[in-house]
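Subject: Structure handover and findings

Dear colleague,

Please find below the structure that I am handing over to you. My notes on what was found in it follow directly after.

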Amino acid sequence: KYGVTLERTALELSGKPCVGGLRGLEEPSQSIACSRCFGEPVGDFESLAQSVAYYLGRAAEKLRAQGQRAGGAGAYFVYYPERSPRRLDGGAVSANIAFSRPTDDTSEMIRAVFPKLREIFIAGRRYKKSGVTLWGLESGAVQGELFGPSPGRSRLYSSVDEVNRKFGRGTLFPLAEGVDKKWNARRGMLSKAYTTSWDDIISVK
């Protein structure tokens with residue numbers, strides 16, 4: 001009378017699992033992306049580079065939480081169309097960088113990605129968004145190099161993650177992210193987090 005959806009709901013409520021789509025939720029990610037639109041148009045290279053460093057930090061934090069390493073990263077900028085002094089189409093520029101070895105170290109990623117950013121930067125354009133994607137994710141043991149650095153996980157950033165979990169995100173961060181972060185998205189109209197923040201819980205008098 002009511003269809004298979006209601007039948008499955010009734011069976012689920014009685015304790016019989018009927019939905020099989022949840023079994024793959026714990027599978028490791030194939031890639032990790034992080035991006036945001038800027039709070040206002042950005043035209044200088046330094047701010048764009050800072051935003052990429054920030055997003056690399058957030059993506060690397062997720063990477064470490066999953067116990068994985070990345071084989072490379074992609075970074076991109078999105079710019080506005082222009083009407084004056086002459087008409088120009090909007091668009092995006094990007095670069096892909098393969099790391100010398102799989103890593104979960106934020107500083108290593110920043111050092112590898114930053115030289116490529118200058119190559120894709122177009123002076124005179126107004127940018128509205130940037131982002132990064134970590135790809136080639138893998139877990140488990142990593143083949144070491146005879147004369148290279150140890151392939152062990154970043155002890156430094158494990159400690160940074162722990163401090164930020166305890167005292168709040170952004171307590172410790174690479175200086176490459178910048179301090180003021182004027183390019184960051186505006187959050188003045190952000191909805192209250194009534195169910196996840198003690199400061200936003202509604203009080204009834």
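What span should the 13 residues of H4 have at 1.5 Å a residue, and how far apart are its end C-alpha atoms? The expected span, which is 1.5 Å times one less than the number of residues, comes to 18 Å for H4, and the end C-alpha atoms are 18 Å apart, so the two values agree.

Please note that this is a predicted model, in which local features need pLDDT of at least 70 and side-chain atom pairs count only at pLDDT 80 or more, while totals for chains, interfaces and linings use all residues. Residues are numbered from 1 along each chain as its sequence is written, and side-chain values use heavy atoms, with hydrogens and water left out.

The protein has four helices and four strands (DSSP runs numbered from the N terminus: helices are H or I with at least four residues, strands are E with at least two). Read from the N terminus, their order is α-β-α-β-β-α-β-α. Of the 205 residues in the protein, 33% are buried (under 20% relative accessible area, with exposed meaning over 50% and partly exposed in between; 1.4 Å probe, protein chains only).

To return to H4, its buried residues are Tyr157, Val160, Asp161 and Asn164. They lie on the same side of H4, because they cover an arc of only 100 degrees around the axis (taken from the directions from the helix axis to the C-beta atoms). In general, an α-helix has 3.6 residues a turn, so residues three or four places apart point the same way. The buried residues of H4 pack against H2 and helix H3 (106-120), whereas the face turned away from them carries the exposed residues Arg155, Lys166 and Phe167.

A search of the whole structure finds one cavity of 30 Å³ or more (a set of points on a 1 Å grid over the protein atoms alone where a 1.4 Å probe fits but cannot get out; lining residues have an atom within 4 Å of a point). The largest cavity has a volume of about 80 Å³, which is the space filled by probe spheres set on points joined across faces, edges and corners. Among its 13 lining residues, Gly57, Arg58, Arg64, Val160 and Asn164 are the closest to its centre. Helix H2 (45-65) and helix H4 (155-167) each supply at least two residues of this lining.

Lastly, a cis peptide bond joins Ser84 and Pro85, with omega at about 5 degrees.

Yours sincerely

Key. 1 Å grid on protein atoms, 1.4 Å probe; cavity = no way out; pocket = protein on both sides within 12 Å on 5 of 7 lines; lining within 4 Å. Contact = heavy atoms within 4.5 Å.
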